[in-house]
Amino acid sequence: MFHYQADQLTQKQNYKFLTGTVAPRPIAWITTKNSETDVINAAPFSYFTVLASKRPLVSISVNRRNGELKDTAANLLQNGEGVIHLVTPDVLAQMNETAATLSSEESELSLIDTQLTDSRTVSVPAMIEPKIRMEVKLYQYVPIKEQETVLTDLFVLEVTDYYFNESIFNKEKEYILSEELLPITRLAGNNYGHLGSVEEIIRPK
């Protein structure tokens, strides 16, 4: 086994090891809105997971850029609303385009060919192409600090509305058809993972 002590590594090394080890990771492709300018931001984040179901909570961690809030984080703090879209092969290239670094006055949506639709519970519009989306509201904000310096902005978001394309959802059983959805996952570097074989294993009682 190769051994590395985390506190002896650079940030780049820790990033490479973490993103290569904690994989695959789901991708939250989230739209948010700047309430002052009405600019709609769209950005993908793979520091994303489910937290609870009694109250439907998910989390997104948004790393700071040179100590500054990213647009998604700033918008969530400003108005506490967003729409999370799940990424599938048919929108992977579009999602990748929105990972570009733009000024807060520019919308990543200008880089892709997409259509927007109004949401029901939040003021932020949604993209219609993704097969699953969730409207979310800010439940809790946790700045992750090292002494007084904020390293990353952690958002706990409550899901208010779910949307499922008919092609990936069994309405009778209320079950998402993973093998039809084919969710894309994030790996290390510039790599993404596609759904492979699915194995069912019954849990012990």
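**Task.** Sort the residues that line the second largest pocket by class: how many are nonpolar, polar and charged?

**Solution.** Start with the ground rules. This is a predicted model in which local features need pLDDT of at least 70 and side-chain atom pairs count only at pLDDT 80 or more, while totals for chains, interfaces and linings use all residues. Residues are numbered from 1 along each chain as its sequence is written, and side-chain values use heavy atoms, with hydrogens and water left out.

The lining then splits into 19 nonpolar, 4 polar and no charged residues.

**Task.** What volume does the second largest pocket have, and which elements line it?

**Solution.** First, the term. A pocket is an open set of points on a 1 Å grid over the protein atoms alone, where a 1.4 Å probe fits and protein lies on both sides within 12 Å along at least five of seven lines; its lining residues have an atom within 4 Å of a point. Grid points are joined across faces, edges and corners, and the volume is the space filled by probe spheres set on them.

For the elements, take helices (H or I, at least four residues) and strands (E, at least two) as DSSP runs numbered from the N terminus. At least two lining residues come from each of β4 (48-52), β5, β9 (132-146), β10 and α4 (178-181). The biggest contributor is β4, with 4 residues.

**Task.** Now do the largest pocket: what is its volume, and which element gives the largest share of its lining?

**Solution.** The space in the largest pocket is about 1400 Å³. Of its 41 lining residues, Tyr15, Tyr47, Val62, Asn63 and Lys70 lie nearest the centre. Elements that each supply at least two lining residues include α1 (11-21), β5 (57-63) and β10 (149-164). The largest share, 5 residues, belongs to α1.

**Task.** Which strands stand at the edges of the open sheet of 3 strands?

**Solution.** Strands pair if DSSP finds at least two bridges between them. Tracing the pairs gives the order β1-β13-β14, with antiparallel pairing. β1 (25-26) and β14 (192-193) each have a single partner strand, so one side of each has no neighbour in the sheet. Zoom in on one pair: β1 and β13 (residues 185-186) run antiparallel and are joined by 2 bridges. Proline 26 has threonine 185 of β13 as its bridge partner.

**Task.** How many aromatic pairs are there, and at what angle do the planes of tyrosine 4 and phenylalanine 17 meet?

**Solution.** Rings of Phe, Tyr and Trp (its six-membered ring) pair if their centres lie within 6.5 Å; planes under 30 degrees apart are stacked, over 60 edge-to-face, and the rest tilted. The count comes to 4 aromatic pairs. For tyrosine 4 and phenylalanine 17, the centres are 5.0 Å apart and the planes at 55 degrees, so the pair is tilted. Tyrosine 4 is in the segment before α1 and phenylalanine 17 in helix α1, 13 residues apart.

Continue with tyrosine 141 and phenylalanine 155: with centres 5.2 Å apart and planes at 35 degrees, this pair is tilted. Tyrosine 141 belongs to strand β9 and phenylalanine 155 to strand β10, so parts 14 residues apart in sequence are tied together.

**Task.** Are tyrosine 141 and phenylalanine 155 buried, exposed or partly exposed?

**Solution.** Apply the cut-offs for relative accessible area: buried is under 20%, exposed over 50%, partly exposed in between (1.4 Å probe, protein chains only). Tyrosine 141, at 27%, is partly exposed. Phenylalanine 155, at 0%, is buried.

**Solution.** Keep the background in mind: most peptide bonds are trans, and most residues other than glycine have a negative phi. The cis bond joins alanine 23 and proline 24, with omega about 0 degrees. Proline 24 is in the loop between α1 and β1. Aspartate 38 has a positive phi of about 65 degrees, and at 52% relative accessible area this aspartate is exposed.

Conventions. Ala, Val, Leu, Ile, Met, Phe, Trp, Tyr, Cys and Pro count as nonpolar, Asp, Glu, Lys and Arg as charged, and the others, Gly among them, as polar.
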